[in-house]
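Please look over the chain shown below before reading on. The report then goes through its overall make-up and a number of local features.

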Amino acid sequence: MKKKFISICFIGFALLAFAKNIVEEVAWVVGDEPIYKSEIEEQYLQLQYERDNIDGDPYCVIPERMAIEKLFLHQAKVDTILPNESMVNQEVDARLNEFINSYGSREKVEEYLRKPLTEIKESIRQFVRNRYTVQQVQSKLTENVKATPADVRKYYSSLSEDEIQYIPRQVVVKIITINPIIPVAEIDEVKSRLREFANRVNSGETEFSVLARLYSEDPVSARMGGELGFSGKNDWAPEFSAVAFNLNDPKKASKIVETEFGYHIIQLIEKRGDRANFRHILLKPKVSDKDLTDAINALDTIKTAIQDGKISFEDASFWYSHDKNSKKNHGIMLNKTDYDISTKFQLQELPQEVAKKVANMKVGDISDPFVMISTNTGREIVAIVKLDQDIEGHKANLSNDYQVLKDMYESAERQKIVENWVKKKQQETYVRIEDGWRNCDFNYEGWIKQ
């Protein structure tokens, strides 16, 4: 389960237009940054659109959130903190498409918002960039928060009965997966198509971005002409980075690169120090029905051997599974969050296909082989799962839920650090709140200096 810090950045993107013009009236000033009434109105309309309830007067809550955001964004400039542009691009694209789907077409979105799609997209991008930037500043502030067992015990003993978290049903699942064999002819066909694309780009016949939109099997970047956004070497598979960051000619396409996701060609857009922006085209070799059937039969044989006592599930995972995250961990699936790794999952946290199998299994049961989409590569794989533990819903306790309580403690400590940081910055930063915006019950005292 992902933890959250102070909620100061809106998930929305302040896009809704008004039927009338709003005078650019300044409501707050934070440092040298104004907060306009029109911005507050836009945020309020967006929250109403998303049906997001506001706890308090929106004309108090919203500008305070915006003011806190400005404190963090200023700190990001001081510390030269930049968001991961590839993540920003992915979210921007997803949110824009959601908006378009909601209204039916790009034209209808432009008509409703009274601005071209390029401006709408830029508005979304700015808000998403700010949100990621704030998260990174908060992470840096709290990076040293680590709980000891004594801290967790003391924290647990301080909680009232009502404060102790209820833990829904959790399961521990073991898995064995097999990646179906892909025929050499299919791989050769994919490589041939990519070579053709590269030749068309290198000869100047076709723009790389056009081919990416038409043919790339990375749906997120394809909609942006294959563009990935500025990123560092560690943001991509090693094989991808090794080729991409050695490119120098923006007019040329790279050689073919194989990663666990498939086969790529790459084009450099721009370099900025140790970060760069690229386009890519991804093609994935297709798995045939025969390959899937062969993999299912192979796993069925392994399941029979386990049930006959010829090999344990754990040993079978080590020797036969293609799942690199679990095979060296006795087959146990790992639930990775921002701050910890757990072996326990709530059903909704499991891959959908796994959750369907596990939901009605008993401890010790092994499923029949089934086809699923790998959460790592997006490719079709075949799997069997074993339900290793089934923990009924209950109030958290130290014996069974140490990690949950540790997360709660660390989350509370991070919250304290961030809150104290905001209070300190309030005192160090020039803040002016105009008449008509001051009579508020703010979450943070200290905005209005006596």
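## Overall make-up

The protein chain, taken here from a predicted model, contains 14 helices and 13 strands, and its C-alpha atoms fill a box of roughly 80 × 70 × 40 Å along the principal axes. Of its 450 residues, 46% are buried. Among the contacts with a separation of 6 or more, 68% are between residues 24 or more positions apart.

## The hairpin of E1 and E2

Strand E1, covering residues 26-30, runs antiparallel to strand E2, covering residues 33-36, and four bridges join the two. Valine 29 has proline 34 of E2 standing opposite. Two residues lie between the strands of this hairpin, in which glycine 31 takes a positive phi near 65 degrees.

Alanine 27 is also part of strand E1, and its relative accessibility is 0%, so it counts as buried. Apart from neighbours within four places in sequence, alanine 27 is in contact with Ile35, Tyr36, Lys37 and Ile40, and also with Arg432, Ile433, Glu434 and Trp437. Between the C-alpha atoms of alanine 27 and glutamate 39, which are 12 residues apart along the chain, the separation is 9.6 Å.

Strand E5 (residues 257-259) pairs with strand E6 (residues 262-272) in the antiparallel sense, over three bridges, and the hairpin that joins E5 to E6 passes through two residues. Within this pairing, valine 257 has histidine 264 in E6 as its bridge partner.

E6 also pairs with strand E7 (residues 275-283), again in the antiparallel sense, and here the pairing extends over nine bridges. Tyrosine 263 has leucine 283 in E7 as its bridge partner. The hairpin of E6 and E7 has two residues between the strands, and glycine 273 in this hairpin takes a positive phi near 65 degrees.

Helix H3 spans residues 85-103, a run of 19 residues, and reaches 27 Å from its first C-alpha to its last, which is close to the 27 Å expected at 1.5 Å a residue. The buried residues of H3 include the charged Glu85, Glu91, Asp93 and Arg95, and also Val88, Val92, Leu96, Phe99 and Ile100. Just after H3, glycine 104 takes a positive phi of about 100 degrees.

The loop between helix H2 (58-79) and H3 holds threonine 80, which has a positive phi of about 50 degrees although it is not a glycine. Most residues other than glycine have a negative phi. Threonine 80 has a relative accessible area of 62%, and it is therefore classed as exposed.

Is lysine 425 buried or exposed? This residue lies in helix H14, which covers residues 402-428, and it is buried because its relative accessible area of 18% falls under the 20% cut-off. When residues up to four places away in sequence are not counted, lysine 425 touches Leu71 and Gln75.

Glutamate 119, in helix H5 (residues 117-141), has a relative accessible area of 45% and is therefore described as partly exposed, since that class lies between the 20% and 50% cut-offs. The C-alpha atoms of glutamate 119 and lysine 251 are separated by 28 Å, and the two residues are 132 residues apart along the chain.

Methods:
Residues numbered from 1 in each chain as written. Predicted model: local features only at pLDDT ≥ 70, side-chain atom pairs only at ≥ 80, totals over all residues. Heavy atoms only, no water. Expected span 1.5 Å × (residues − 1). Buried < 20%, exposed > 50% of the residue type's maximum accessible area, 1.4 Å probe, protein only. Contact = heavy atoms within 4.5 Å. Pairing = 2+ DSSP bridges.
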